[in-house]
Amino acid sequence: MSESQNIEWKQSWHDDYLKWICGFANAIGGTIFIGKNDAGEVVHLDNYQRLLEDIPNKIRNQMGIVCDVQLLEESEKKYIQIKVNPYTVPVSLRGRYYYRTGSTKIELTGVELNEFLLKKAGKTWDDVIEESASFEDIAPKSIAFFKKEASISGRLPQDIMDLPLQETLEKLRLANGDAIKRAALILFGKDPNKFYPNIKVKIGRFGTTDADLRFQEVLEGNILELLVQVPEILNAKFLTKPIVFEGLQRIEKDIYPVAAIREMLLNALVHRTYMGSMIQIRVYDHKLMLWNEGNLPEGMTVESLKGHHVSRPRNPLIADVCFKAGYIDSWGRGTIKIYEACKEAGLPEPEITSLDGGILVTLHTHLVVDEGGQIGGQTNDLVTDLVTDLVTDPVKSLLLIMDQEYSISELMRFMKLTHKPNFRKNYLQPAIELGLIEITIPEKPSSSKQKYRLTSKGKTLKIA
């Protein structure tokens, strides 16, 4: 018998090993042998008689549980076996909670402790009543949008379609009388961030390094709103759109499969730890990365996500509503769809890894643009195949009018705009950050004589 997930060898007793016992009790149980060295060889315990009395008493007095403590013998050498059964209630040691995972013992704190206590109580985070919320905090338009989506999927019983708001939430098990659950606010809340921080998605556009943050957006809202907003802003501002020509028709292509990004976002919203950090999306020239807080369920590995695996949602009420809306299929196929979508698009295999208490999904593209305008090692002087940077419609309209140097007031007059802060935020600054427009007096950025002109990249893009 060797050391494993539920077996520990200790050469002598130390009171610190009570933490191991606590960890076993909170997990799947286990056995600790006192009087075995790291090689599993028995070493005689001279104080075994005192330990037989002290260990059970310390376990009972400090944790309130009872373990089977036995004296064993091998080759006339005495050692002790402590058999720990798993407990359905949480077990603490001097007010601290420990948990055995793999071959290590960890102390549960913060979000992990909260989820652990809920699980032991037979609850999940999204199933808890939010005492400070009322039905006034639910957005009727989000309920209506859900019912519209569910009618298309055909997964919502017809008798729920015409129910008023409160009865709809009760039928969806999101409310109990006048009280509403956390899941209702996450799914349909007017302002879920009023109750829980970081119900948001942060998107950043990076250059060649993580230190080179060009611009960013932070979106917030309930799940149904974010499922619409995030893809829209990604396409409008963050994702490069390769250009192909069919005859005289100019067509923009998606650089990443829509299905892959959709599944990444859905998985993050449904399975995230909602008391943790916000979802983060990083967009680079050649890859897109999405991270959400929340480790995989116990016993599931990153490798298993590539094939068949059982669906074990962290937030089952949220997952059920998303199923009824037709967003997920509840068979654990979300990650498989990501792999398949990238394979069909001819892209490299996605990477799914555990990172900083969460899951990171990375999509790669074959498109790599260097500072010299090289795409895949080939010159892109005419930009007939690809648009090499992210350009929003406001920026495109700004580029079209620029054929010489202009001041801000001149540009705004040509574009018939009157609100300078809006012009700077949505037109001028994004164009400068993308390297399409530059100032004429760089040594004096605040000069009253400052003007703006196209860069060589801006001129090339304008021609395209």
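**Aromatic rings and paired strands**

Lysine 10 lies over the face of tryptophan 20, at 4.5 Å from the ring centre. A second contact of this kind involves lysine 287, whose charged end sits over the ring of tyrosine 284, 5.0 Å from the centre of that ring. The model is predicted, and every value given here was computed from it.

Contacts between aromatic rings were examined next. A pair of aromatic rings is described by the distance of the centres and the angle of the planes. The count comes to 13 aromatic pairs. One of them joins phenylalanine 215 and phenylalanine 238, with 5.2 Å from centre to centre and 45 degrees between the planes, and this pair is tilted. The two residues belong to distant parts of the chain, 23 residues apart: phenylalanine 215 is in strand β11 (residues 213-220), and phenylalanine 238 is in helix α8 (residues 223-238). Phenylalanine 215 has a relative accessibility of 8% and therefore counts as buried, since the cut-off for a buried residue is under 20%. Phenylalanine 238 is also buried, because its relative accessible area is 0%.

The pair of phenylalanine 423 and tyrosine 427 has ring centres 5.6 Å apart and planes at 20 degrees, so it is stacked; planes under 30 degrees apart count as stacked. Both residues lie in helix α14 (residues 420-433), and because they are four residues apart, about one helical turn separates them. Phenylalanine 423 has a relative accessibility of 0% and so counts as buried. Tyrosine 427 has a relative accessible area of 15% and is buried as well. Elsewhere, Trp125, Phe195, Tyr196 and Tyr274 form one aromatic cluster.

Strand β5 (residues 92-93) pairs with strand β6 (residues 96-101) in the antiparallel sense, over two bridges. Serine 92 has tyrosine 97 of β6 as its bridge partner. The hairpin of β5 and β6 has two residues between the strands, and arginine 94 in this hairpin takes a positive phi near 50 degrees.

Strand β6 also pairs with strand β7 (residues 104-108), again in the antiparallel sense, over five bridges. Tyrosine 97, the bridge partner of serine 92, stands opposite leucine 108 in β7. Strands β6 and β7 form a hairpin with two residues between them, and glycine 102 in the turn has a positive phi of about 60 degrees.

Notes. Residues are numbered from 1 along each chain as its sequence is written. This is a predicted model: local features need pLDDT of at least 70, side-chain atom pairs count only at pLDDT 80 or more; totals for chains, interfaces and linings use all residues. Side-chain values use heavy atoms; hydrogens and water are left out. Rings of Phe, Tyr and Trp (its six-membered ring) pair if their centres lie within 6.5 Å; planes under 30 degrees apart count as stacked, over 60 as edge-to-face and the rest as tilted. Buried means under 20% relative accessible area, exposed over 50%, partly exposed in between (1.4 Å probe, protein chains only). A charge sits over a ring if NZ of Lys or CZ of Arg is within 6 Å of the ring centre and within 35 degrees of the ring normal. Two strands pair if DSSP finds at least two bridges between them.
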